[in-house]
Amino acid sequence: MNQTLKVLKELNALQPEASIVQMYILSLIRDKESINYREISLLIGISTAGVTGQVDRLVKLGLVERIHRGSIEGQDRRYGGAKLLPPAIELLEKVDGITNP
């Protein structure tokens with residue numbers, strides 16, 4: 001089994017409900033706390049609506065909490081952000097252990 005497949009299987013075992021894109025979003029939020037959905041969309045190449053949908057799923061998984069910045073809540077979420085919750089921080093520490101042994 002090649003190394004990439006092994007890492008992907010281990011990541012899936014850690015949080016089977018979270019996709020690789022969602023894991024990437026979590027790592028971006030960790031690395032730049034002030035990042036907004038528009039910036040994330042530019043970095044990963046999906047629309048801001050796509051990022052918002054991914055963050056919605058992360059909220060439902062209990063991994064992040066929404067932060068509303070610079071807009072009226074519920075009006076324009078593209079400029080909002082998300083804050084990692086303790087389960088996400090713990091998950092990312094485990095991911096670091098897998099990807100950087």
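In the predicted model, helix α3, spanning residues 37-44, and helix α4, spanning residues 48-60, have axes that come within 8 Å and cross at roughly 105°. Because angles of 65 to 115 degrees count as roughly perpendicular, α3 and α4 are therefore roughly perpendicular to each other. On the side of α3 the contact is made by Y37, R38, I40, S41 and I44, and on the side of α4 by T48, V51, T52 and V55. Sorted by class, this contact of α3 with α4 comprises five nonpolar, three polar and one charged residues.

Side chains of opposite charge can pair when their charged atoms come close. A search of the whole structure finds five salt bridges, among them one between R30 and D96, whose closest N and O atoms are 2.8 Å apart. Since R30 lies in helix α2 (residues 20-31) and D96 in helix α5 (residues 86-99), the pair ties together parts that are 66 residues apart in sequence. R30 is partly exposed, with a relative accessible area of 32%, and D96 is likewise partly exposed, at 28%.

A salt bridge is also formed by D56 and R66, with 1.9 Å between the closest N and O atoms. This pair links distant parts of the chain, D56 being in helix α4 and R66 in strand β1 (residues 64-67), ten residues apart. D56 is partly exposed, with a relative accessible area of 25%. Through salt bridges that share partners, R30, D31 and D96 are joined into one network.

In a further salt bridge, the side chains of K32 and E39 meet at 3.2 Å, N to O; K32 is partly exposed at 39% relative accessible area, and E39, at 26% relative accessibility, also counts as partly exposed.

Technical notes
Residues numbered from 1 in each chain as written. Predicted model: local features only at pLDDT ≥ 70, side-chain atom pairs only at ≥ 80, totals over all residues. Heavy atoms only, no water. Axes fitted to C-alpha atoms, helices over the stretch in contact; angles between N-to-C directions. Helix = DSSP H or I, 4+ residues; strand = E, 2+ residues; numbered from the N terminus. Parallel < 35°, antiparallel > 145°, perpendicular 65-115°, else oblique. Contact = heavy atoms within 4.5 Å. Nonpolar A, V, L, I, M, F, W, Y, C, P; charged D, E, K, R; others polar. Salt bridge = Lys/Arg side-chain N within 4 Å of Asp/Glu carboxyl O. Buried < 20%, exposed > 50% of the residue type's maximum accessible area, 1.4 Å probe, protein only.
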